[in-house]
Amino acid sequence: MTAMGADTVPSRAELQSPQDAGPKFIPGVEEIVGTTTTLAMNNNEPTIAIDPHNPQRIAVATYLGIRVSTDGGTSFQPRVNVTAPVGYSTGSGGDSSLAYDSQGRLFWTFLLRETSTGGFDVFIAQCNPTTGAILAGYPYNLSSLAGVPNDGGTTHSHDKEWLAADATTTSPFRDSLYVSWTDFQPSGTVIYTTTSTDQGVTWSAAVTLSGAGEGFVWPCENTVAPNGDVYVAYHSQPTFSTGNPDGTTGKIFVLRSTNGGSTFPQKNLAFAAGLADLTYNRQSGTRLIAGTQFWLQGSVQPRILADPKTPGRMYCIVNDQPNGSDFADVFIATSTNNGGSWGAPVKINGGALGTIQVMPSAAIDPVTGVIVVTYYDNRNLQTNAGGKYLLDVYSTRSVDGGVTWSPEIQVNTALFDPDLNAPCRYGPSGCGSPDSVNTLRIGEYNGIAIGGGVAATVWTGNNASNFQDTFFTQFLAPAGPSAVASSLGSAVTGEFAPNAAGANDGTKFDVLKRGGSLAENGTLVFPGHLLVGTGGVTLSPNNYMGLWKQAGTSLSRLARSGDNAPETGATAAKFDVLPQVPAINDSGEVTFLASLAGSGASTPATTVDNDTGLWSELGGTGIGILMREGDTIPSASPLQIGAFASGAYATAHTGASTGEAAFAVTMKNGSTDTAILRASIAGANVTTVGVVARQNTAMPGVAGEQFGNLAGNYTDSIRMDATGNLCFVALSVSGRESIWYQPVAGGSPVKAFIAGTAATGDTAPGTGGATFKNIKSPSIGSAGTISFRGFLNNNGDNSGGLKGDGVWRGTTGGGFTCILRAGDDNTNRAGLGLSVGAKVGNVWHGWLTNANHIALRAWVDLNGNGTSSTADGDVNGIFTDLSGTMSLMTRVGNAAPGIAGATFASVDLPVVGGVEQCAFLGTVTGGGTTAANNKGVWRSAANGGAPTLVLRTGDTMTTSQGTKTISNVDLPGSNTTDRRWEQPVMDSTGRLLVYVTFVGGATTEVLIP
């Protein structure tokens, strides 16, 4: 509350903090990431914001300075300070607040004192999100623009403003800015709010939110729900006793606007009188907290949060003194009807009776809905030389909407003294020489933000010179598994399904299908059916199939059977059958093969000769058609596309509006050859289409051989890395298998290897002269690195047939190595981790990460006799080189983490991604498990660390339809024979997409943070 007194501290160089003693870890709860950083902001009252669409961007502000990070808090740019406009001073002010909009624009509000009147105005600046520099033209005096300029308190002087931005891409008020604050008037205090729709340049006339008889209304906080509703919460204190609240009248009002902040007709009490009433701890007053002399007025600030997963669910978090002996605890109240009514407050902190938990800060993950709260805490009961309590910062989190809370973690690593060099807030000596009744200042608030499952908090402590400073710490705040959500509720059978605008059109989900995909950047897509008989959905004509996409926090329908198919003529044809497995690239652009409904209504007419096409988001202009049956192949005119190979396509995002796509086709109009085509896309246009390889044409560099059938399936198909380099497996006319590579620059494909008989197959690298018999299952990581599964002829060091298959990895320019092979053991491959006498058996193949690491399933030949069979006592295992060394992660018979007394009965379908992580399906036996709870998904820690159980049958899950029990878990596309499970299902942060069936048959796609 800076308007009531300056909070300047002399500038000092950046110093190391005594808190920097290293990270702590509490298993299964929250993990401190790195060490505490001293930001040298030299003030109290720090605030923080994380870009909800790019969690690597973090901004911290305190007083009139800002620092930004673009690498997730690893480093921060130098501090940028406010330059006061003419007529204003930076000698006092502050009360910083920060927000990012949906475009990643960074906004900063603060107070500045007018030199002529001594009153405060509210200003806003837009800052460069990379450097923090204030953009030209800013700051703007928003309180004056809203019609309430200050005049030194004669009529108006403003304080403790709070900023919120509508960062939801589907909101009707997207990118609106909202600021609420307290205005000090001769007759008392008033809560105002105002709105800007042009990045803070202009502001609506201020709207009064508080009412008569509410007493001292201060402070307020606002937030925006995913649907665009605006909420403002504020503290009302009607009665005081000797400078402190009376203990019985403090309350919290919450108001709601559904029209972009124009009006707030809904106003309700979240905390009734006496349930949000905390001593200000003013030392000349009453209700003082023994062992403390710091000011706590800011602790009455309500923290208001909107749940991104469950529409209408709101949270309000406050401090309260629940009884005469327990001076300060943290409480949460929850509303399930958009703030229309609120449940009874629930205490969320630990700490023994009589300890204090004050100045709570709260944030909610915009994707997962995890709530994280931090607060000052004196539970360790340590004191300074004067007998005054030292403080810690503690945190707790809820993954189930505030119902339960995790064990608390201590965020800082060493106690700090809040009294050291703290400014004097009140004192009989005029804040001169300290005496026993001075009230010291540690600020009125700290900050916390969360994004990407990582919470970042800032608070005021002491630096190495024992002056107040700003400290920054990050910790993991993972959510529990949850059904993919929309603004309408959970994406689960029977729930309303969002349309293309993310809105409710009356349709409902029926069966969601396997085949969902999760891109590196966190975008996901999944197929499903709509419930027939709701929202006009019928079986004929076909209009019940759909594809849904979630980018950020918004889920919307990407395509639906019966919709007009883009770019199919003057009168569009309509989608008929949509795919079970849509494709997605690292940047979240979806591509799918679809058929069109035969109709004479389309122009040109849709017939059996042109009723299939390939549509894509490549180019950045929305869904457009790449090619369609009947299209002429430009580089092979007059040949046309006769058919597309199912699932045989791959794409890459190569620029802001450019991309590459490769796909397999069968030709017509002069030839029935199969071919692999490459298309380049710029904006809405397909600029070039070239033939990569064509059936019955010469294989480059292979004498006497021609390409055979190239219309492969999911197993032996086209793979493309993030920059557009591709590989594929091809048959020759004579039946020999081979693997090929083409860089994004194009040109003739380059042979990596060709298989054949003992006399004709290429020699397999890393073997003693054995040659390839077959080549299967290509994958491509990054920079053109390829991996594949190979089978060997019985020659060279495989003459006995005991070392006949393996996986190879490398580049066509740099060579290949065998990374795991049947017959390997601890002697020839260090670090495998096999038991004595055991060997690797037959090897399956897996996909590569972007760091070119792999996880795969292979037999563990326990007796080392060279055969792989359960009849021989052998078992399956998961091998990875995610740590840099190929090793056995786990196998059948090993203890199953997370299920006491159980062992693995099966392990299968390893997938990779995240921070070099592996996930796999497993079933277990023992430990009291039954058929209802013996299947699960395990995911490793970063860099191939130990696996942890993340989801299991028998678990319950909260959805918008209530609590449901899981009856089956699968990786999307599993239970098929063509490796569709290799669709990407883990993003760069390690989030995992899992297909779930509930008891009763309902299905959903579940995200595991």
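Predicted model: local features only at pLDDT ≥ 70, side-chain atom pairs only at ≥ 80, totals over all residues.
Trp459 is buried, as is Phe471, where buried denotes under 20% relative accessible area, exposed over 50%, and partly exposed the range in between, with a 1.4 Å probe and protein chains only. Their rings form a tilted aromatic pair, 5.7 Å centre to centre with 35 degrees between the planes. Rings of Phe, Tyr and Trp (its six-membered ring) pair if their centres lie within 6.5 Å; planes under 30 degrees apart are stacked, over 60 edge-to-face, and the rest tilted. Trp459 belongs to strand E31 (residues 454-462) and Phe471 to strand E32 (residues 468-476), so the pair ties together parts 12 residues apart in sequence. Strands (E, at least two residues) are DSSP runs numbered from the N terminus.

Residues are numbered from 1 along each chain as its sequence is written, and side-chain values use heavy atoms, leaving out hydrogens and water.

A second pair, Phe904 and Trp938, is edge-to-face, at 4.8 Å centre to centre and 70 degrees between the planes. It links strand E62 (residues 902-913), which holds Phe904, to strand E64 (residues 935-940), which holds Trp938, 34 residues apart. Both Phe904 and Trp938 are buried.

By this rule the aromatic pairs number 34. Ring pairs also join Phe184, Phe216, Trp218, Phe240 and Tyr280 into a cluster.

Finally, I turn to charges over rings, meaning NZ of Lys or CZ of Arg within 6 Å of the ring centre and within 35 degrees of the ring normal. Lys508 lies over the face of Phe496, 4.9 Å from the ring centre, and Arg857 over that of Trp844, at 4.0 Å.

Definitions and conventions:
Helix = DSSP H or I, 4+ residues; strand = E, 2+ residues; numbered from the N terminus.
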